[in-house]
Amino acid sequence: MAGTDPRAPRYQLQEADNRLVRLSRNDTAKRVVQTRMLNISASGMAFSIGTTHSPKVGENLAMQFNVPHGGQIACYGRVVRVAEYNNSSSIRAPSEVVVGVKFLYLSKNYRDLLSDSVDKARRDFVYQTRY
């Protein structure tokens with residue numbers, strides 16, 4: 001698509017990965033919600049969440065999560081996609097959605113950490129599936 005940012009390489013999280021994401025919406029309740037990360041890249045992430053806690057496209061979130069193979073990040077992101085969660089490989093509640101988030105205001109250090117971690121996790125996954 002013309003005028004959009006190219007997608008960075010993504011890592012599909014595995015069951016053994018720490019998939020917990022803590023997020024806070026900019027609503028008046030200031031609730032912290034825990035959810036499960038599905039994939040991550042240097043530019044954003046996707047996570048599943050119940051429809052009752054689902055943010056809206058365009059909403060900004062404060063997030064905290066562990067990076068595969070290194071460290072923890074606290075950052076902001078903007079919701080760019082909300083879609084029904086269809087995962088034929090596992091049983092999920094029909095009241096779950098997938099939320100796509102683009103990271104905002106990431107420092108170069110955090111972006112490099114994400115990029116390096118995603119690359120390493122992808123290499124390790126390929127190695128494990130081959131051998």
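Mentor: One definition to begin with: rings of Phe, Tyr and Trp (its six-membered ring) pair if their centres lie within 6.5 Å, and planes under 30 degrees apart count as stacked, over 60 as edge-to-face and the rest as tilted. This is a predicted model, in which local features need pLDDT of at least 70, side-chain atom pairs count only at pLDDT 80 or more, and totals for chains, interfaces and linings use all residues. Residues are numbered from 1 along each chain as its sequence is written, and side-chain values use heavy atoms, with hydrogens and water left out.

Trainee: Okay, how many aromatic pairs does a search of the whole structure find?
Mentor: One aromatic pair. Phenylalanine 65 and phenylalanine 103 are stacked, 5.8 Å centre to centre with 15 degrees between the planes.

Trainee: Which strands do they sit in?
Mentor: Phenylalanine 65 is in strand E5 and phenylalanine 103 in strand E7, 38 residues apart, so the pair links distant parts of the chain. Strands (E, at least two residues) and helices (H or I, at least four) are DSSP runs, numbered from the N terminus.

Trainee: Are those two phenylalanines buried or exposed?
Mentor: Both phenylalanine 65 and phenylalanine 103 are buried. Buried means under 20% relative accessible area, exposed over 50%, partly exposed in between (1.4 Å probe, protein chains only).

Trainee: And what does phenylalanine 65 touch?
Mentor: Leaving out residues up to four places away in sequence, its contacts include Leu20, Met37, Met45, Phe103 and Leu114. Contact means heavy atoms within 4.5 Å.

Trainee: How many residues are in the largest nonpolar core?
Mentor: There are 23, and Met45, Met63, Phe65, Phe103 and Leu114 have the most contacts inside it. Strands E2 (20–25) and E3 (32–40) are among the elements that each supply at least two residues of this core. E7 gives the largest share, four residues. A nonpolar core is a set of buried Ala, Val, Leu, Ile, Met, Phe, Trp, Tyr and Cys residues joined through side-chain atoms within 4.5 Å.

Trainee: Switching topic: which residue forms a salt bridge with lysine 108?
Mentor: Aspartate 112, with the closest N and O atoms 2.7 Å apart. The rule asks for a side-chain nitrogen of Lys or Arg within 4 Å of a carboxyl oxygen of Asp or Glu, and the count comes to one salt bridge.

Trainee: Where are they in helix H1?
Mentor: Lysine 108 and aspartate 112 are four residues apart in H1 (residues 108–130), so about one helical turn separates them. Lysine 108 is exposed at 60% relative accessible area, while aspartate 112 is partly exposed at 31%.
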